[in-house]
Amino acid sequence: MDAFHSLLRLRRHEASVSQRELADRAGMSVAAVRDLEQGRSRRPHPRSVRALIDALGLTGAAADELRAAAAVSGPRLVVADGAVRLSVLGPLTIHRGQMETGVGRGKRRLLLGRLALSVGMPVAVEELSALVGSSLQVHVSRLRSMVPLDLVPGGYRLCLPSSQLDLLAFRELAQDSSLLGEALSLWRGPVLADVDELREHPLATALDVERIEALLSYAVDRPVEALAWLRALAAENPLHEPLHARLISALFGADLQAEALAVFDSVRRRLADELGISPGPELLEAHRRLLRAEPPRSVPAQLPLRLTSFVAREASLSSFSGPLVVVSGVAGVGKTTLAVEWAHRMRARFADGQLYVNLRGFDPLGPMSALEALHGFLDALGVPASSIPSGLAARSARFRSLVADKRMLIVLDNALDAEHVRPLLPGSSGCQVVVTSRVALTGLVAVEGAVSVALDVLSSVEADLLLDGRGVPVDSRPGIVSACAGLPLALAIAAARSDAVCTGLDSLSAGDPRADVRSVFSWSLGALSPSARRLFALLGLHPGPSFAAPAAAALAGSDVLALLDELVEASLLFLSSPGRYAMHDLVREYAAELAPPDSLRLADHYLHTARDAAMLLQPNRGPFSLPAPSAPPVALSSLRQAWSWFDAERQVLVALALSSTSDIHIWQLARALASFFNYRGLWDEALPLHSAALAAGVRLESLSMQAMAHRHLAGVYGYMDSPLADHHYERAITMFASLGDEISEGHAQMNFAWLLSRRGKDTDALIRYERALSLYRLCGNEYAEARALNALGEKLAAMDRALEAVPHCEAALEVMERLDDTQGIAIVLDSLGFAFYRLGSFAEAVALYERAIPLREEGGDRHSIAALHDRLGDAHFSHGSLASARSSWRRALDMLESLRHQDALEVRAKLDGA
């Protein structure tokens with residue numbers, strides 16, 4: 001859960017109010033609100049929490065979340081009025097509001113205590129029955145009136161948040177070293193102190209261990225404040241040597257040497273009498289310092305200053321587990337800030353101190369050697385300079401020996417690679433190591449078992465919070481957030497220069513190379529192989545947002561899989577989805593600066609692949625010749641592969657067409673992709689594509705190119721029910737006629753006829769269908785003629801001339817079957833089914849539609865598939881099969897609504913009326 005101060009800032013930001021406005025609404029001072037948001041006031045009074053909730057207009061879950069965050073910001077559990085509060089860190093109690101509620105005696109307390117130890121997890125019925133016997137159900141029923149208790153697979157589960165259970169509140173507070181005192185204050189005695197049957201339960205003893213570890217960590221920095229707790233826990237654990245060692249040190253620090261000597265003497269005798277052993281090294285060291293009146297030994301504390309305006313990244317912080325953690329990500333993403341923040345939160349748990357080194361892995365002057373880093377560590381650990389070994393292996397061995405029995409926190413910042421880090425790793429699990437790097441350090445993950453934390457850019461809300469914490473005015477933030485693409489370094493620089501306009505890399509420099517986005521990117525690039533640097537620059541030619549390996553290979557002219565892995569390892573690329581790579585926006589801008597002149601290899605790659613896909617979609621569409629490509633296309637062998645390629649690349653294809661310097665490539669791409677966009681119903685995306693194609697045709701002064709673009713634009717506008725469709729059809733038909741291009745004019749006439757038919761202008765549509773048929777016969781194109789015959793049949797059936805329609809459709813079907821054109825066959829079966837439907841032959845219509853649907857599904861034209869299901873539903877309904885009709889209409893409606901198509905209204909009306 002986010003700390004109260006971070007959550008309060010977030011909620012204020014979402015409400016779009018300033019600190020002063022919030023203070024006025026809540027009846028508080030601005031200073032009080034500021035202290036709460038910056039974490040300086042860690043104990044918000046319940047009355048203040050309620051006032052802030054009301055001032056922010058929070059209700060329901062949002063209000064409960066802020067109350068819960070306030071609850072773990074102080075030693076008391078703050079819950080909603082009347083809510084239940086369960087306490088197990090001491091005697092078992094239940095409070096409702098301020099009033100204690102009786103739990104009862106014996107078995108019911110035992111049952112509740114056991115469930116609380118496993119809060120949020122099921123406890124097996126068999127185990128609970130063994131505790132309370134045959135009366136389990138009686139006790140469960142009574143407990144349910146007190147606490148939320150669920151029956152789940154595997155048993156019963158107690159469900160309480162940390163704001164209502166002190167056990168969970170303790171664990172959350174103990175995650176932050178600055179809150180350890182507040183965590184320890186929740187304890188009122190041993191776990192379930194008045195439930196004797198559970199005192200030795202493994203979960204209870206584990207909680208006692210957690211309490212001791214928290215106290216030992218707290219006593220490192222606050223020995224005097226910890227004294228009372230140390231006395232109490234040492235008395236409860238008379239043979240626990242680390243507790244007594246820390247108690248002796250605390251008593252010495254409080255000038256209570258006599259009591260400290262008595263403690264040592266007492267525990268020494270108990271160890272001998274009860275266990276037959278002598279005190280261990282830690283206890284003896286505390287005694288030695290006491291006898292010599294030496295103050296507690298100093299330990300290294302090398303952590304850098306933590307960032308006061310840290311944006312909570314709790315999900316990433318919660319991933320830090322195990323003795324070795326690797327934090328990786330693109331330059332400037334906040335790896336060091338995250339590692340240092342976590343280290344400061346955890347440092348009290350490491351009694352022997354913290355070591356930190358900036359390894360400068362990507363510094364333009366070169367990285368710090370492991371040899372040099374070890375010299376600094378050994379010096380910090382008290383090794384005289386004359387005793388520090390000269391060789392790497394010897395230094396590493398000496399370092400491991402020194403930290404073998406210590407609890408230390410070690411931060412290795414900005415590592416170059418795994419080999420850079422390995423000599424600096426301790427050999428024992430008592431130390432915690434956090435490594436940051438721009439590369440993923442997969443070797444450490446695979447061999448040393450490191451936990452990998454891949455850090456991404458900030459979300460827009462997190463970015464806004466960062467700017468808010470640095471005092472950037474509200475009205476300036478949206479532009480900065482957009483320009484910086486969530487990169488924390490860029491946001492920090494922009495915040496420092498908020499008087500300037502943030503327009504890209506040029507505006508993201510603070511005068512220091514370490515605070516210059518372009519510089520830190522260049523350092524990452526400098527660590528790559530020459531081939532990877534060349535590929536990175538070439539990728540600056542790609543329009544984004546993502547790409548597959550074949551596109552990168554087209555740019556490079558060679559196999560690039562190993563180079564892509566190198567770029568991913570360096571965090572200059574990331575896998576946006578399986579098999580697809582992407583760059584963060586500012587990284588892409590930097591790559592574009594380095595890109596060489598466009599050789600059109602990428603455009604050739606995409607254009608030739610698009611042409612091959614178009615031929616798979618419409619194998620009888622006619623000739624589509626292109627010059628030999630300068631880069632190989634993707635090999636497509638089936639219509640399914642063609643659709644998969646289009647769906648993955650369509651954003652790239654539009655971006656490429658809109659940014660290409662080659663007019664012929666723009667026009668050819670639009671030509672190849674027109675049917676794909678139409679079949680998917682992506683008319684908003686197709687519109688800029690065909691507009692660019694028309695502009696390219698004008699620049700090339702090609703009438704045929706302009707005519708084709710007008711026809712495609714007309715089709716898009718027709719699907720969008722725009723009157724602009726008529727203009728573009730008329731222009732296309734006029735241009736094709738002037739060129740003597742009968743086949744293309746026929747296509748335009750067919751498309752225009754479909755639009756007129758859609759508008760109910762049947763006579764006008766019939767005239768244009770007949771004109772198209774005559775043009776196709778004139779040029780001898782059998783496939784096109786079959787399409788026109790089928791369209792005529794469809795129109796005749798719609799005009800109640802179904803008997804005339806059937807022969808037209810049957811003639812078309814014969815041609816399509818001879819040509820083995822799957823989609824052509826599906827279209828004709830659809831029209832033939834409609835003709836039989838109009839004739840009242842509903843069973844025949846159903847059979848024809850059911851033959852057409854799977855063929856249409858192969859083609860992927862979602863609007864046509866939906867229309868077929870709609871017609872099938874009509875035929876089922878007229879045949880008396882209401883359930884089948886509703887099923888077909890439901891499928892049609894789902895598809896049409898996903899396309900946001902207006903035909904969905906008509907289908908919904910059928911479903912509602914059936």
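In the protein chain, 63% of the contacts with a separation of 6 or more are between residues 24 or more positions apart, a contact being defined by heavy atoms within 4.5 Å. The model is predicted, so that local features need pLDDT of at least 70 and side-chain atom pairs count only at pLDDT 80 or more, whereas totals for chains, interfaces and linings use all residues. Residues are numbered from 1 along each chain as its sequence is written, and side-chain values use heavy atoms, with hydrogens and water left out.

The protein chain has 44 helices and 13 strands, assigned as DSSP runs (helices: H or I, at least four residues; strands: E, at least two) and numbered from the N terminus. Its radius of gyration is 37 Å, well over the 29 Å that the globule rule gives for 914 residues, so the chain is more spread out than a compact globule; the radius is taken over C-alpha atoms, and the rule is 2.2 Å times the number of residues to the power 0.38. The C-alpha trace spans about 115 × 75 × 55 Å along its principal axes.

Of the 914 residues, 52% are buried (buried, under 20% relative accessible area; exposed, over 50%; partly exposed, in between; 1.4 Å probe, protein chains only).

The largest nonpolar core comprises 186 residues, of which L412 and L673 touch the most other members. Such a core is a set of buried Ala, Val, Leu, Ile, Met, Phe, Trp, Tyr and Cys residues joined through side-chain atoms within 4.5 Å. Helix α31 (residues 639–659) gives the most to this core, with ten residues. Another core, of 70 residues, lies apart from it and includes L89, V147, L158 and L271. When residues up to four places away in sequence are not counted, the residues touched by L412 include V357, L359, F377 and V421.

Several loop residues were examined individually. G427, in the loop between α20 (418–421) and β9 (432–437), is exposed, with a relative accessible area of 67%. The C-alpha atoms of G427 and R400 are separated by 5.8 Å, although the two residues are 27 residues apart along the chain.

Most residues other than glycine have a negative phi, and most peptide bonds are trans. The peptide bond from G544 to P545, however, is cis, with omega near 5°; P545 is found in the loop between α26 (530–539) and β11 (547–548). E701 has a positive phi, near 55°, and is placed in the loop between α33 (683–699) and α34 (703–719), where E701 is exposed at a relative accessible area of 72%. D721 likewise has a positive phi, of about 55°. D721 is located in the loop between α34 and α35 (724–739) and is partly exposed, with a relative accessible area of 38%.
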